[in-house]
Amino acid sequence: MKENRFMISIVIPALNEEKRIGDVVKFCLSCKLVHEVIVIDDGSVDATFRLAQDAGAKVYFSSMLGKGVSMLDGLWKAQSEIVLYLDGDIYNFSQDLIELMVKPLAENTCDFVKGNFLRTAGRVTALTAKPLLKAFFPEISEIQQPLGGIIAARKDLLKNVNFETDYGVDIGLLIDVAQLGGRIEEVDIGSLDHDHQELSQLSQMSVQIVRVILDRASKYKKLDILHLKDSYEIQRIKIGRASCRE
């Protein structure tokens, strides 16, 4: 049996991902660092569960509907010290994606890794997440993919943060880790594609993300006019300096 301490568990929250889930699982299991692939089915009505299982994953139904719940369920089932979260609909990804994501953890240069990738979408990131991060959490506002679901961290850290139940989970984890003083690193994993979401889904995601950011701003005592003025001034100075350099 593979030695768990030096291996990783990959957790994939999945909802109706029969189109790509098999290929994603097989890709993960082809990496020698991977001890197990855990797929948490969030109530799929297609063949996601069966295809993931056929590809070699350990597959479970989520204890409650919601991406964040599925991620947390997977965390508690993971046997390895390092957990890597992937999406079940990704394609055109780099063959060394897994190695790139876990290398900073193995070398102890950071505590929390976010995958930074090129893609054509990102409307919710640009129009919702980043403006609010600049207002309330400017220290992490430069992260390119704050909403990205490709995340790696040690179990001990993840057990000390709050997993939101819905699509706000990724931004919530990022903010919590930053506020705990965790070392965050964004790793370039090249080009990556997801299936595009409908506008109605993006609208729902935006509402969930706004709720989480405002909740964290309140929790960490940043939801006040003086803080907003300070954040605005910091951004104004940054923009001014950038203009001068140009």
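**Entry 1: a loop residue, N16**

I began with N16, which is found in the loop between β1 (8-14) and α1 (21-29); helices (H or I, at least four residues) and strands (E, at least two) are DSSP runs, numbered from the N terminus. Before going on I noted that this is a predicted model, in which local features need pLDDT of at least 70 and side-chain atom pairs count only at pLDDT 80 or more, while totals for chains, interfaces and linings use all residues. I also noted that residues are numbered from 1 along each chain as its sequence is written, and that side-chain values use heavy atoms, with hydrogens and water left out.

The phi of N16 is positive, about 55°, although N16 is not a glycine. I then listed what N16 touches, leaving out residues up to four places away in sequence, and got S44, V45, D46 and T48; contact here means heavy atoms within 4.5 Å.

I next looked up S44, which sits in the loop between β2 and α2 (48-54). S44 counts as buried because its relative accessibility is 15%. Leaving aside neighbours within four places in sequence, I found S44 in contact with A14, L15 and N16. The C-alpha atoms of S44 and E18 are separated by 9.0 Å, although these residues are 26 apart along the chain.

**Entry 2: N92**

N92 lies in the loop between β4 and α4 (97-106), and I noted a phi near 60°, a positive value in a residue other than glycine. N92 counts as exposed, because its relative accessibility is 52%.

**Entry 3: the chain as a whole**

I counted 9 helices and 7 strands in the chain. Of the 246 residues, 50% are buried. Among contacts with a separation of 6 or more, 79% are between residues 24 or more positions apart. The accessible surface comes to about 12300 Å², with 53% of that belonging to carbon and sulfur atoms; accessible areas come from the Shrake-Rupley method with a 1.4 Å probe, and for residues only the protein chains shown count as cover.

**Entry 4: the cores**

In soluble globular proteins, nonpolar side chains tend to be buried together. With that in mind I looked for nonpolar cores, each being a set of buried Ala, Val, Leu, Ile, Met, Phe, Trp, Tyr and Cys residues joined through side-chain atoms within 4.5 Å. The largest one has 36 residues, and those with the most contacts inside it are Y85, F112, F163, I171 and I213. Several elements each supply at least two residues of this core, including β2 (34-41), α3 (67-77), β4 (82-85) and α8 (199-219). Not counting residues up to four places away in sequence, Y85 touches V11, M71, L75, G149, I150, I151, L158 and F163.

α5 has 14 residues and reaches 20 Å from its first C-alpha to its last, close to the 20 Å expected at 1.5 Å a residue; the expected span is 1.5 Å times one less than the number of residues. α5 bends by about 35° at A129, and a proline, P131, follows within four residues; the bend at a residue is the angle between axes fitted to the seven residues ending there and the seven starting there. The buried residues of α5 include V124, L132, L133 and F136.

α7 is mostly covered, with 9 of its 11 residues buried, among them I171, L173 and L174. Just after α7, G181 takes a positive phi of about 85°.

**Entry 5: cysteines**

How many disulfides are there in the whole structure? My search found 0, a disulfide being a pair of cysteine sulfur atoms within 2.5 Å. C28 is in no disulfide, and the nearest cysteine sulfur, that of C31, is 8.3 Å away. C28 counts as buried because its relative accessible area is 0%, and C110 is also buried, with 3%.

Conventions
Buried means under 20% relative accessible area, exposed over 50%, partly exposed in between (1.4 Å probe, protein chains only).
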